[in-house]
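Here is a short briefing on helix packing. Look at the structure first, then follow the points below.

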Amino acid sequence: MSNATRRWQRQSVDECVQTAGVSRAAAELFLASDVVDLHVDSYIWVRVFGYRLDREHGPGLFAGRYYSQVDLPRLCRTGITGATWVITTNPLRGSRARSRALARNLAALGGLLGSAASDVALAASASDYRRIVDSGKHAAFIGLQGGNAFGSEMQLLDAPPKELIRVTLLHLNSSPLGRTSAPLANLQRDPLTPFGCSVVERLNQARIFVDLAHIDRRAFQRALDVHDPKLPPIVTHTGVDGCYPHWRNLNDAQIRAIAQRGGVVGIMYHTPFLGPGFERGSLRLVIDHLEHVIRVGGEHCAALGSDWDGAIVTPSDMPTCRELPRLVDEMLRRGWAHERIQNVLGSNFLRSLRDLRG
């Protein structure tokens with residue numbers, strides 16, 4: 001299909017300069033790069049009130065807070081070439097109900113993304129991604145947040161959908177897998193249960209990323225102990241203690257552990273996890289956290305994991321995906337080399353994905 005038939009043509013350099021208010025150098029570099037987001041949570045709002053992923057929205061009732069930070073038209077036009085679209089598990093359902101709901105949601109989300117076939121295609125590997133992006137489309141991966149969605153029998157992992165590339169073991173509640181990092185939900189005595197260990201092993205066998213965002217620090221280490229050392233684990237959306245100590249953030253030992261195994265750490269855009277106070281911080285906070293990951297874990301460890309539409313409060317100067325090129329503008333102002341910028345924007349994650357799946 002030719003570019004002329006696409007609805008959501010990627011913006012030009014001139015449009016990027018005007019829309020995002022960035023330098024021409026930043027616009028050119030951004031649009032020439034692989035830009036991959038590790039965690040987009042918009043499907044929550046599809047389930048809650050029928051939010052349309054295929055329609056372009058404004059910043060919503062709360063000016064970019066909590067929801068309406070992203071949709072497929074805005075992603076494609078901005079030049080975000082790939083993203084992991086996430087199904088978040090409802091912990092209030094019983095085990096069997098959760099597994100049935102997961103099967104339904106995998107089909108529904110895959111259908112929603114597939115319905116935009118002129119602009120979007122589902123991807124299951126780095127080679128899929130390259131083929132899709134080279135054709136001018138957005139490459140959509142699927143992720144799961146909350147490994148308790150599999151239920152106790154884990155039948156879905158016998159033949160998982162190929163587009164499911166990652167599973168976040170825990171979310172904001174502890175579960176039969178183990179203990180979350182959230183302080184009000186640490187009722188689970190075992191940091192990572194035998195069932196949680198078996199899920200890690202099954203995910204390794206299926207070549208699905210084990211995502212260690214949201215997990216208790218002892219459970220984090222236990223998961224790495226049972227994880228196949230030849231495969232890269234990842235943390236898709238987090239902040240880091242080295243910039244702002246917080247129960248949600250990784251410490252330096254955790255960053256090094258992910259880097260040593262060839263994984264990546266995606267920095268999120270929820271400003272209360274990135275700096276003090278209740279006001280909406282600046283995108284400079286995001287880059288501060290990325291710089292810390294690079295100092296601790298090296299050039300090939302840092303990535304982007306926005307958590308867009310995950311009920312987050314985004315930076316005041318980057319409320320939605322349309323302003324994302326401003327990150328590159330600030331990186332250039334700080335003297336970052338082009339290679340480092342492109343690594344963070346997407347190349348680091350794509351290398352880990354190649355190591356996992358090819």
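Helix H7 (residues 194-205) packs against helix H8 (residues 217-226) at an angle of about 45 degrees, and their axes lie 9 Å apart. That angle makes H7 oblique to H8; oblique covers what is left when under 35 degrees is roughly parallel, over 145 roughly antiparallel and 65 to 115 roughly perpendicular. This is a predicted model: local features need pLDDT of at least 70, side-chain atom pairs count only at pLDDT 80 or more, and totals for chains, interfaces and linings use all residues. Residues are numbered from 1 along each chain as its sequence is written, and side-chain values use heavy atoms, leaving out hydrogens and water.

**H7 and H8**
- The crossing of H7 with H8 is right-handed (the near helix is turned clockwise from the far one by less than a right angle).
- From H7, Cys197, Val200, Glu201 and Asn204 meet Arg222, Ala223 and Val226 of H8 (contact means heavy atoms within 4.5 Å).
- By class, this contact has four nonpolar, one polar and two charged residues.

**Helix H6**
- In H6 (residues 126-134), the buried residues are Ala126, Asp128, Tyr129, Ile132 and Val133 (buried means under 20% relative accessible area, exposed over 50%, with a 1.4 Å probe and protein chains only).
- Arg131 and Asp134 are exposed, on the face turned away from the buried side of H6.
- The buried residues of H6 pack against strands E1 (36-40), E2 (82-88), E3 (120-122) and E4 (138-145), and against helix H13 (338-357).
- Just after H6, Gly136 has a positive phi of about 90 degrees.

Note on methods:
Helices (H or I, at least four residues) and strands (E, at least two) are DSSP runs, numbered from the N terminus. Axes are lines fitted to C-alpha atoms, for helices over the stretch in contact, and angles run from 0 to 180 degrees between N-to-C directions. Ala, Val, Leu, Ile, Met, Phe, Trp, Tyr, Cys and Pro count as nonpolar, Asp, Glu, Lys and Arg as charged, and the others, Gly among them, as polar.
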